[in-house]
Amino acid sequence: QYGCISGSLNQMSWARDQKVDIMLYEFSSWGMEFIDGSSNMEKAMDELHQNNNIVQVSPAGNLAGSGKHMKAEFSQGSIQVGVDLPSKWPDTLFQYFDTPGMMISFYWYGGADDFHLSVMEPEGEEKIGVAANSNGPLSFGENMVVYSFTETASTGLMHRVVTIYDENQKKIPDGKYMLTIKNQVGKNLELHGYIQDLASGWARMTIFDSYESDDTTICHPSTADSAFSVAAYGGEFGPPEELGMIRGYSGRGPRIDGKVAIDIAAPDDPYSPFPELHTGPFSGNKDVVASYMVFGGTSGAGPHVAAGLALVKQLEPSAAAD
């Protein structure tokens with residue numbers, strides 16, 4: 001993902017040089033960047049908006065309902081939060097859920113030592129304390145490693161990343177990983193936690209077993225100050241009660257600093273050209289040379305907004321990005 005962001009900055013520079021009017025970002029991440037408008041990419045988007053008059057359209061992501069975000073507030077003592085790593089995908093007999101690692105990220109405002117974190121692997125076989133200033137790796141169970149680091153944004157937002165992985169790139173044990181989070185400041189501590197693994201994407205697979213929240217599930221880089229953040233609603237397909245309503249998976253605000261972050265919603269199920277990868281002689285669909293598909297998610301909603309803004313720009317060529 002970090003390589004993806006670096007590559008995206010180069011592509012953004014190229015697009016700026018082509019004097020484009022609108023940029024549409026068809027990717028999202030969570031738990032990897034600062035998500036309060038202060039990351040390099042968010043700042044780059046703001047610069048393109050302010051200095052080059054380029055509108056920034058960014059889908060909000062599909063993280064709501066996934067169990068991959070938690071929010072907890074406590075002023076003293078400790079809380080326990082389980083992370084459930086499944087053994088197989090649902091509704092299948094033989095498709096095992098296989099990931100060589102997972103990343104747990106925390107965000108808060110305060111100091112690096114505001115809380116202490118310890119992790120216990122499934123079945124309670126081994127427990128390891130992860131200090132705020134750990135720069136690992138730390139051994140943890142058979143062939144397992146914990147790596148942690150903490151960084152501070154220019155806004156004061158703290159970001160702590162804890163990665164658990166198998167050093168041989170094999171499947172890490174499934175089950176419940178118990179996190180014990182101890183408040184070390186004796187005053188109110190508000191923590192946002194996010195999970196990523198290397199297999200499930202948006203799917204509700206690896207989840208927090210408590211403190212789950214769909215608030216603040218808007219994803220980076222839609223968190224940029226300048227971003228035209230796009231949510232998704234049911235357009236033409238799906239249960240009748242969902243049509244015209246915000247989809248359950250659609251990322252929600254507010255942004256982590258409390259700022260209102262979602263700007264508009266659009267239908268999530270447009271017809272789209274079927275990617276060339278899935279047609280032609282090498283795809284298994286030899287007889288299909290051109291086709292269409294229903295393209296979903298907030299990524300399906302974003303193009304509606306970008307196209308609508310393009311029409312506005314055509315009507316009012318001198319209109320500023322604001």
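This is a predicted model: local features need pLDDT of at least 70, side-chain atom pairs count only at pLDDT 80 or more; totals for chains, interfaces and linings use all residues.
Biologist: OK, sheets. Which order do the strands take in the open sheet of six?
Modeller: The order is E3-E12-E5-E10-E9-E8, and the pairing is antiparallel. Strands here are DSSP runs of E with at least two residues, helices are runs of H or I with at least four, and both are numbered from the N terminus. Two strands pair if DSSP finds at least two bridges between them.

Biologist: And which strands sit at the edges there?
Modeller: Strand E3 (69-74) and strand E8 (138-139), each of which pairs on one side only.

Biologist: How many bridges join E5 and E10?
Modeller: Nine bridges, with E5 covering residues 101-109 and E10 covering residues 157-166, paired in the antiparallel sense. If you want a spot to look at, Met-103 stands opposite Thr-163 in E10.

Biologist: What holds strands together in a sheet, anyway?
Modeller: Strands of a sheet pair through backbone hydrogen bonds, either parallel or antiparallel.

Biologist: What's the order in the open sheet of five strands?
Modeller: That one runs E7-E6-E11-E4-E13, with antiparallel pairing. Its edge strands are E7 (127-130) and E13, and each pairs on one side only. Inside this sheet, E6 (residues 115-120) and E11 (residues 175-183) pair in the antiparallel sense over six bridges. Val-119 stands opposite Leu-179 in E11.

Biologist: Changing topic: how many aromatic pairs does a search of the whole structure find?
Modeller: Six. Rings of Phe, Tyr and Trp (its six-membered ring) pair if their centres lie within 6.5 Å; planes under 30 degrees apart count as stacked, over 60 as edge-to-face and the rest as tilted. One of the pairs is Phe-106 with Phe-115, which is edge-to-face at 5.8 Å centre to centre and 70° between the planes.

Biologist: Which residues do ring pairs link into a cluster?
Modeller: Phe-106, Trp-108 and Phe-115.

Biologist: Now charges. How many salt bridges does the count come to?
Modeller: Eleven, where a salt bridge is a side-chain nitrogen of Lys or Arg within 4 Å of a carboxyl oxygen of Asp or Glu.

Biologist: Which residues are linked in a network of salt bridges?
Modeller: Asp-225, Arg-255, Asp-257 and Lys-259. Asp-225 and Arg-255 meet through their side chains at 2.7 Å, N to O. Asp-225 lies in the loop between strand E13 (207-208) and strand E14 (228-233) and Arg-255 in the loop between E14 and strand E15 (264-267), so this pair ties together parts that are 30 residues apart in sequence.

Biologist: And how far apart are the closest N and O atoms of Asp-225 and Lys-259?
Modeller: They are 3.2 Å apart, in a salt bridge. That pair links distant parts of the chain too, with Lys-259 in the loop between E14 and E15, 34 residues from Asp-225.

Biologist: Which of these are buried or partly exposed?
Modeller: Arg-255 is buried at 5% relative accessible area. Asp-225 is partly exposed at 42%, and Lys-259 is partly exposed at 37%.

Biologist: What does Ser-250 touch?
Modeller: Gly-61, Ala-64, Ala-231, Ala-232 and Thr-298, leaving aside residues up to four places away in sequence. Contact means heavy atoms within 4.5 Å. Ser-250 is found in the loop between E14 and E15 and is buried, at 0% relative accessible area. Its side chain reaches the backbone nitrogen of Ala-232 at 3.0 Å.

Biologist: Last one: what do the buried residues of H3 pack against?
Modeller: Strand E1 (22-24), strand E2 (55-59), E14 and E15. Those buried residues include Thr-298, Val-305 and Leu-309.

Methods: Residues are numbered from 1 along each chain as its sequence is written. Side-chain values use heavy atoms; hydrogens and water are left out. Buried means under 20% relative accessible area, exposed over 50%, partly exposed in between (1.4 Å probe, protein chains only). A polar contact is a pair of N or O atoms within 3.5 Å; within protein, one must be able to donate a hydrogen and the other to accept it, and residues adjacent in sequence count only if both atoms are side-chain atoms.
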